[in-house]
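Let's take a walk through a protein structure together, one part at a time. Have a look at the picture, and then we can start with a single residue.

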Amino acid sequence: MVYITSWDEFVERSAQLFRADPDSTRYVMKYRHCDGKLVLKVTDNKECLKFKTDQAQDAKKMEKLNNIFFTLMSRGPDADVSEVAGKEQTEAQPGKKGRGRKQ
Amino acid sequence: MVLLQPDPFLNELTSMFEHSTEKGTVWVTLKRSSLKSKVQRNKMAAAGEPLEYRCLIRATNGKKTISTSVGPKDHQRFQASYATILKAHMTSLKKRERKDKKKVAGADKKEGGSKKPKRA
């Protein structure tokens, strides 16, 4: 099992893994309240990345990662992932013709 | 395996967290899926129809499994509620407060908080 120590590296590699194979990549979260531990795993059934922590600050970072994954998964791997808030606005809606203003 | 709508799923997830505070684990899995069998997918690809993908979310406490699927339209709302639930329940994680070390002189009441004793 590959445990990654750096959060940023974990995020970077998970996103890459997902974009490479969106159909078989999954993100698993395991939380044990009695031990106060949180483990995250991202795998595409060939490669596996894990991250474990007992820090509350990592829970906050994980929330951002959750957002990223939700966006990638429901919209597709090419979705524009612009960290937290404002994801809706950055996606250009096709079908808007140039003549918006009526003068 | 119980397939629920997003809102009942969130309620069940909350109760799972509540029930596993003393003992037990909660697993949550996120995966992208089109919820169609391979045959259907091939047919759709051949006909040129774009496949509609959804995000499949599964949760289990080891005994019971619940799941739901979220599409691009409801994912924002679901993700906000999901984040709230997580924040509310992940209370047993340690808080690392390095700022306190200087101010609280010697009165370190935190158990196991002395990970990095920064004594120059």
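Is A:N45 buried or exposed? A:N45 is exposed, with a relative accessible area of 53%. Keep in mind as we go that this is a predicted model. To find A:N45, look in the loop of chain A that runs between strand 2 (37-43) and strand 3 (48-53). Its backbone deserves a glance too: the phi of A:N45 is near 70°, a positive value in a residue other than glycine. Most residues other than glycine have a negative phi.

Now step back and look at the chain around that loop. Chain A contains three helices and three strands. If you trace the chain from the N terminus, the elements come in the order α-β-β-β-α-α. Of its 103 residues, 48% count as buried. Chain A exposes about 6,100 Å² of surface, and carbon and sulfur atoms supply 46% of that. Among contacts in chain A between residues at least 6 apart in sequence, 47% join residues at least 24 apart.

Helix 1 (residues 7-20) and helix 2 (residues 56-75) of chain A have axes that come within 12 Å and cross at roughly 10°. Angles under 35 degrees count as roughly parallel, and therefore helix 1 of chain A and helix 2 of chain A are roughly parallel to each other. Which residues of helix 1 of chain A meet helix 2 of chain A? On the helix 1 side they are A:W7, A:F10, A:V11, A:S14, A:F18 and A:R19, and they meet A:K61, A:M62, A:L65, A:I68, A:F69, A:L72 and A:M73 in helix 2 of chain A. The residues of this contact divide into ten nonpolar, one polar and two charged.

Let's move on to chain B. Here you will find four helices and four strands, and along the sequence they follow the pattern β-α-β-α-β-β-α-α. Chain B has 120 residues, of which 32% count as buried. Its accessible surface comes to about 8,200 Å², with 52% belonging to carbon and sulfur atoms. Of the contacts in chain B with a separation of 6 or more, 55% are between residues 24 or more positions apart.

B:F17 lies in helix 1 (residues 6-19) of chain B and is buried, with a relative accessible area of 2%. What does B:F17 touch, leaving out residues up to four places away in sequence? Within chain B, it touches B:V26, B:I85, B:L86 and B:H89, and in chain A it touches A:M29 and A:Y31.

Finally, let's turn to the cysteines. How many disulfides does the structure hold over all chains? There are zero. Take A:C48 as an example: the closest cysteine sulfur, in B:C55, is 18 Å from the sulfur of A:C48, which is too far for a bond, because a disulfide needs the two sulfur atoms within 2.5 Å. A:C48 is buried, with a relative accessible area of 17%, whereas A:C34 is partly exposed, at 33%.

Definitions and conventions:
Residues numbered from 1 in each chain as written. Chains lettered and ligands numbered in written order. Predicted model: local features only at pLDDT ≥ 70, side-chain atom pairs only at ≥ 80, totals over all residues. Heavy atoms only, no water. Buried < 20%, exposed > 50% of the residue type's maximum accessible area, 1.4 Å probe, protein only. Helix = DSSP H or I, 4+ residues; strand = E, 2+ residues; numbered from the N terminus. Contact = heavy atoms within 4.5 Å. Areas by Shrake-Rupley, 256 points an atom, 1.4 Å probe, with all protein chains shown as cover. Axes fitted to C-alpha atoms, helices over the stretch in contact; angles between N-to-C directions. Parallel < 35°, antiparallel > 145°, perpendicular 65-115°, else oblique. Nonpolar A, V, L, I, M, F, W, Y, C, P; charged D, E, K, R; others polar.
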